Amino acid sequence: MNRVDITLGLDQEEVQKNREKYGSNQITVNKQDTFFKLLIESFGDPIIRILLIALGIKLVFLMKDFDWFETVGIVIAILLASIISTLSEYGSEQAFAKLQEESSKIKCRVRRNGKVVEINIDEVVTGDIVLLESGDKVPADGVLVKGTLSVDESSLNGETKEAYKEALNIGSKEKENNILYRGTVVYSGTAIMRVTKVGDQTFYGKLAHELQEKQPESPLKLRLRNLARFISYFGYFGAVLVAISYLFSTVVIENGFDMTRIMAMLHNFPLISGYLLYALTLAVTIIVVSVPEGLPMMITLVLSSNMKRMLKSNVLVRKLVGIETAGSLNILFTDKTGTLTKGKLEVIGLTTGDLKSYETMKQLQTVPTLHQMIQMSLFYNNESLLDEKNRVVGGNITDRSLLSFIKDEKVKQVRVIKKVPFDSKKKYAMTLIQDKKPVYLIKGAPEKLLDACHFMYDGWGNKKKFDTKLRIRKMLDDMTSRGIRVILLATSEQENITKNLTFLGLVFIKDEIRPEAKQGIQEVTNAHIQTVMITGDNKATAVSIAKEVGLIKSNEDLVLTSDELNQKSDYELKRILPHLKVVARSLPQDKSRLVRISQELGLVVGMTGDGVNDAPALKKADVGFSMGSGTEVSKEASDIIILDDNFNSIAKSILFGRTIFKSIRKFIIFQLTVNVCAVSLSVIGPFIGVDTPVTVIQMLWINMVMDTFAGLAFAFEPPLPEYMSEKPKKKNEQIMNTYMKDEIIFTGLYSSLLCIFFLKSPWIRTLFRPDAHYKYLMTAFFALFIFIGIFNCFNARTHRLNLFAHLKENMVFVFIILLIVVVQLILIYYGGSLFRTAGLTLKEFIIMLLIASTVIPVDWLRKIYLRAKGTIGGV
């Protein structure tokens with residue numbers, strides 16, 4: 001590429017030629033899935049697959065006696081689940097696209113045809129001459145050809161300390177301090193850059209390409225696949241039992257166990273083929289009944305509703321399953337800068353020569369002379385400024401933090417005579433002011449200036465011999481070992497800074513820990529999730545911060561540098577991983593390796609980050625958390641965006657994830673309990689003369705209660721803090737645990753026996769008005785089945801004996817139950833011939849309600865038994 005005259009820049013022809021030759025400055029991103037594609041992908045859900053198979057069976061085998069109500073019910077269940085899921089995920093992607101759109105609107109100034117023009121960063125081409133100043137975002141990779149800059153590279157390397165860049169001398173070889181990278185931000189200075197790489201060829205773009213890797217399958221999908229397998233086995237087993245029981249009843253029992261009559265029937269092919277076809281019909285019906293049609297829709301509802309609730313807590317969920325995965329985390333790798341810390345330097349205090357420490361300038365007002373000198377030093381020996389709204393602008397990160405410390409102070413007006421700006425080689429800045437007499441205000445690196453300090457100010461502001469230098473040096477060493485940055489302030493009556501400086505004080509600057517980070521770390525630790533901090537800082541600084549946030553608490557906690565990490569084999573790393581707390585001086589590839597190693601151990605891995613360097617690991621992790629203030633690439637790679645950069649929001653995500661999993665389990669208990677009852681009735685029914693106790697229309701309403709309404713009711717279960725004290729679920733843990741199976745089988749069988757008792761008991765029949773078609777009894781049975789389901793809703797929602805625990809926190813549940821009760825009452829008294837109901841007297845209604853409510857004390861007995869065994873259990 002030919003050298004470009006920096007005074008002229010490229011002409012239009014060269015711009016076009018370079019764009020064709022080297023490409024555009026746009027970063028290639030994954031094409032956003034269309035609504036239709038997301039809809040098609042949603043049909044891959046394991047439970048929806050079973051529903052599709054069940055639908056196919058009904059269409060193929062049951063055309064003769066086509067049950068269109070059940071078929072329509074399955075179709076509605078499939079479509080509702082798929083469409084709601086697609087709408088939620090598509091809506092999240094649209095919200096994310098709006099976030100990403102902002103990045104392409106960033107402008108930059110380039111020189112073209114001898115003129116300075118402002119263009120979008122996407123229009124930059126290789127060879128462009130870019131003009132940079134404080135606050136600008138570097139639009140592409142390039143070489144500094146004029147001027148000097150201090151640059152924030154934290155988005156690339158995770159370090160808050162500014163990097164100093166200088167122009168490349170003609171004929172010299174490019175060095176790191178001559179190169180600027182896309183996405184970094186100019187702190188201070190003005191300079192000119194020649195673009196050398198654009199778009200996907202930039203360091204930023206190459207990292208973005210690592211994001212094309214396929215993400216691991218979520219724990220929820222793995223568990224749903226296993227659940228689908230379990231349900232299908234249960235359905236097949238029930239189908240075989242029903243078919244056998246029907247054939248045994250018609251062929252053996254009805255023939256009085258007479259082998260002669262049985263053999264004669266078996267040889268009657270038209271007759272026996274009719275029985276076989278009906279047995280097949282019953283078997284297929286059982287398979288359909290055993291499938292919880294409402295589960296896919298309920299899972300979608302619970303994920304979608306919690307996604308909206310999380311958005312109110314400043315958490316944007318890009319991928320629905322990411323919420324539930326967060327609840328399954330075993331290990332969380334967290335970035336330090338901008339996640340645990342504020343991501344900006346702040347003055348945390350200062351110490352004067354008499355070894356007194358001050359946290360604010362107001363405290364220093366007791367020593368007026370010293371207060372005024374430090375005040376003027378921080379204000380005048382500074383490249384940052386205060387704008388009309390008293391906001392700090394310009395300068396490097398150090399100058400901004402120093403000026404912010406005194407921005408509310410009234411500073412004495414003096415004349416500035418001369419300024420010597422900070423130089424990374426000299427490591428100091430100096431300003432000459434005219435006070436009562438000329439005074440040089442000096443600030444810089446203590447290792448450069450401390451030895452030249454021979455005087456200090458005492459507690460009354462008088463100049464005296466610097467007799468505390470050794471103790472100041474010890475304090476300096478202590479502060480730097482704790483990761484605190486130290487700036488020395490001094491004055492001089494001459495320009496020579498090598499001797500006779502008067503020590504003003506040490507100013508301590510630190511990337512402060514976020515106030516909420518310590519609490520967030522504690523919550524995540526209490527949730528039995530291992531947290532590992534990954535930082536570009538040195539080991540001493542990293543250990544200091546880890547102790548401050550509560551990550552390091554014992555001698556067993558392990559801290560490794562990147563070099564130490566890379567010296568260990570995968571086997572050694574897997575062995576020590578449970579004790580690992582901090583990785584210092586980390587490189588991007590360290591994060592990706594740690595994620596891979598953890599996943600090989602079967603752990604569910606979370607990764608937080610905000611920089612370009614975090615993006616590959618965010619993508620590889622089971623769930624990636626990016627920060628709202630982070631780079632576009634990190635947001636693209638993540639599943640969840642923490643809009644307020646608050647570590648506590650990660651803890652909230654984990655709590656919501658655990659709540660979602662529990663809500664799903666509660667719904668499965670409820671629905672499979674009803675399914676076990678229905679299957680049991682179908683298996684036992686033929687033996688006792690019970691064929692179809694509910695009509696097709698009644699079954700449609702029962703399905704609506706089981707699927708849609710119950711799904712809504714359980715989707716809004718409250719996130720209880722107690723969930724954060726539980727151990728995370730293993731990646732291969734089944735959705736169905738022992739507690740669930742016990743409740744489903746126990747309550748399901750009791751419900752089916754209760755239904756059979758209700759239908760066949762002569763005593764029960766005496767409690768209802770007699771009529772030829774038992775219409776009052778069958779009305780009561782229809783109501784009984786619904787109210788058993790309502791009471792089982794309360795049983796399923798909690799493992800506590802108090803069924804109303806935290807009920808006020810899920811008013812949707814209360815509303816849904818009341819709605820079902822009201823509609824059921826309307827159907828009982830006004831359903832007429834359509835719903836085969838005839839109305840009940842108050843006495844009949846109370847009797848039916850009392851019988852249905854027995855499922856509550858019966859389930860209490862089960863819960864009391866579990867407590868007696870010492871296994872309370874729960875979902």
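**Helix 12 against helix 13**

I started with the crossing of helix 12 and helix 13, which comes out left-handed. I'm working from a predicted model here. Helix 12 covers residues 368-380 and helix 13 covers residues 397-406. Their axes come within 9 Å and cross at roughly 135°. That angle makes helix 12 oblique to helix 13, because only angles over 145 would count as roughly antiparallel.

Next I looked up which residues make the contact. On the helix 12 side I noted Gln-375, Leu-378 and Phe-379. Helix 13 brings Leu-402, Leu-403, Phe-405 and Ile-406.

**Aromatic pairs**

How many aromatic pairs does the structure hold? I have 14 in my notes. I went through two of them.

Phe-758 with Phe-768: the ring centres sit 5.6 Å apart and the planes are at 65°, so I put this pair down as edge-to-face. The cut-off for that label is over 60 degrees. I then checked where the two rings come from. Phe-758 is in helix 25 (residues 738-760), while Phe-768 is in the loop between helix 26 (762-766) and helix 27 (775-797). The pair therefore ties together parts that are ten residues apart in sequence. Buried or exposed, these two? Phe-758 and Phe-768 are both buried.

Phe-787 with Phe-845: this aromatic pair is edge-to-face as well, at 5.9 Å centre to centre and 85° between the planes. It links distant parts of the chain, with Phe-787 in helix 27 and Phe-845 in helix 29 (residues 842-853), 58 residues apart. I looked up accessibility for each ring. Phe-787 has a relative accessible area of 4%, so it is buried. Phe-845 is at 14% relative accessibility and so counts as buried; the limit I'm using is under 20%.

I also wrote down one aromatic cluster. Its members are Phe-667, Phe-670, Phe-714, Phe-794, Phe-804 and Phe-813.

**Thr-659**

What is Thr-659 in contact with, leaving aside its neighbours within four places in sequence? I listed Glu-717, Pro-718, Pro-719, Leu-720 and Tyr-723.

Terms used: Residues are numbered from 1 along each chain as its sequence is written. This is a predicted model: local features need pLDDT of at least 70, side-chain atom pairs count only at pLDDT 80 or more; totals for chains, interfaces and linings use all residues. Side-chain values use heavy atoms; hydrogens and water are left out. Axes are lines fitted to C-alpha atoms, for helices over the stretch in contact, and angles run from 0 to 180 degrees between N-to-C directions. Helices (H or I, at least four residues) and strands (E, at least two) are DSSP runs, numbered from the N terminus. Angles under 35 degrees count as roughly parallel, over 145 as roughly antiparallel, 65 to 115 as roughly perpendicular and the rest as oblique. A crossing is left-handed if the near helix is turned anticlockwise from the far one by less than a right angle, and right-handed if clockwise. Contact means heavy atoms within 4.5 Å. Rings of Phe, Tyr and Trp (its six-membered ring) pair if their centres lie within 6.5 Å; planes under 30 degrees apart count as stacked, over 60 as edge-to-face and the rest as tilted. Buried means under 20% relative accessible area, exposed over 50%, partly exposed in between (1.4 Å probe, protein chains only).
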